Amino acid sequence: MKKLLSIFATSLLALAAPMANAMPVTFSATLNGANEQPAVTSNGTGTAFVIFDLALHTMQVKVNFTGLTGTTTAAHIHCCTAVPNTGNVGVATVVPSFTGFPLGVTSGIYDFTFDMSLSTSFNPAFITANGGTVASAESALFAGMQAERSYLNVHSTFAGGGEIRGFLHQVPEPASLALFALGLAGLAAAGRKRSQT
């Protein structure tokens, strides 16, 4: 039985690895003042989705925010903190703010796709600190997102260091969920077969 489960698990990993590298990966974050460090008292809230496609070298950023105390001054992704889901670190993406992000407002919607093969999609200091090339910076940012060591921050006139932010977490892809379901079905079948013998 253990050998069967081991073969099954190895097969699932072999199938999942190429699919994960070939598909865009989605990350999400819930943005609020409590997620800032130190925490900020704000009624502002928001959601963010970042869709990273390593094959196409694109990163789509979608942000929806409302209720900020101050008006927006900047927004970007910071990476990579020393510990997952905590801490502060420098800006990884374009500075001073995402290209075309709505500034001077308390609520808004943003949707922009960055070409991650261009140096203009990054903070130059992030490129320098992560291997010195755009390719190495792209890899470092993606790895930081996967490790939950990056966050999206919206800065405002009320809180210059950031009024709302959230750490990015990978969203399971449909193919991953299907593989997971297939694995559970296989384990259930193996368990039934074992109990019958």
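In this predicted model, strand β1 pairs with strand β8 (residues 169-170) in the antiparallel sense, over 2 bridges. Within this pairing, Phe 27 stands opposite Gln 170 of β8. Strand β1, which spans residues 25-32, also pairs with strand β2 (residues 45-53), again in the antiparallel sense and over 8 bridges; here Leu 31 faces Gly 46 of β2.

Nonpolar side chains tend to be buried together in soluble globular proteins. The largest nonpolar core of this structure has 35 residues, of which Met 59, Leu 141 and Leu 152 touch the most other members. Elements that each supply at least two residues of this core include β1, β2, β3 (58-66) and α3 (134-146). Helix α3 gives the most, with 6 residues. Beyond its neighbours within four places in sequence, Met 59 is in contact with several residues, among them Val 50, Phe 52, Ile 77, Phe 112, Leu 141 and Met 145.

The aromatic residues provide a further view of the structure, which holds 11 aromatic pairs. The ring centres of Phe 27 and Phe 142 lie 6.0 Å apart with the planes at 80 degrees, so this pair is edge-to-face. It joins distant parts of the chain, since Phe 27 belongs to strand β1 and Phe 142 to helix α3, 115 residues apart. Both Phe 27 and Phe 142 are buried. The pair Phe 98 and Phe 101 is tilted, because the planes are at 50 degrees, with the centres 6.3 Å apart. Phe 98 is buried at 2% relative accessibility, and Phe 101 is buried at 5%. Phe 98 and Phe 101 belong to one aromatic cluster with Phe 65, Tyr 110, Phe 112 and Phe 114.

Conventions. Residues are numbered from 1 along each chain as its sequence is written. This is a predicted model: local features need pLDDT of at least 70, side-chain atom pairs count only at pLDDT 80 or more; totals for chains, interfaces and linings use all residues. Side-chain values use heavy atoms; hydrogens and water are left out. Two strands pair if DSSP finds at least two bridges between them. Helices (H or I, at least four residues) and strands (E, at least two) are DSSP runs, numbered from the N terminus. A nonpolar core is a set of buried Ala, Val, Leu, Ile, Met, Phe, Trp, Tyr and Cys residues joined through side-chain atoms within 4.5 Å. Buried means under 20% relative accessible area, exposed over 50%, partly exposed in between (1.4 Å probe, protein chains only). Contact means heavy atoms within 4.5 Å. Rings of Phe, Tyr and Trp (its six-membered ring) pair if their centres lie within 6.5 Å; planes under 30 degrees apart count as stacked, over 60 as edge-to-face and the rest as tilted.
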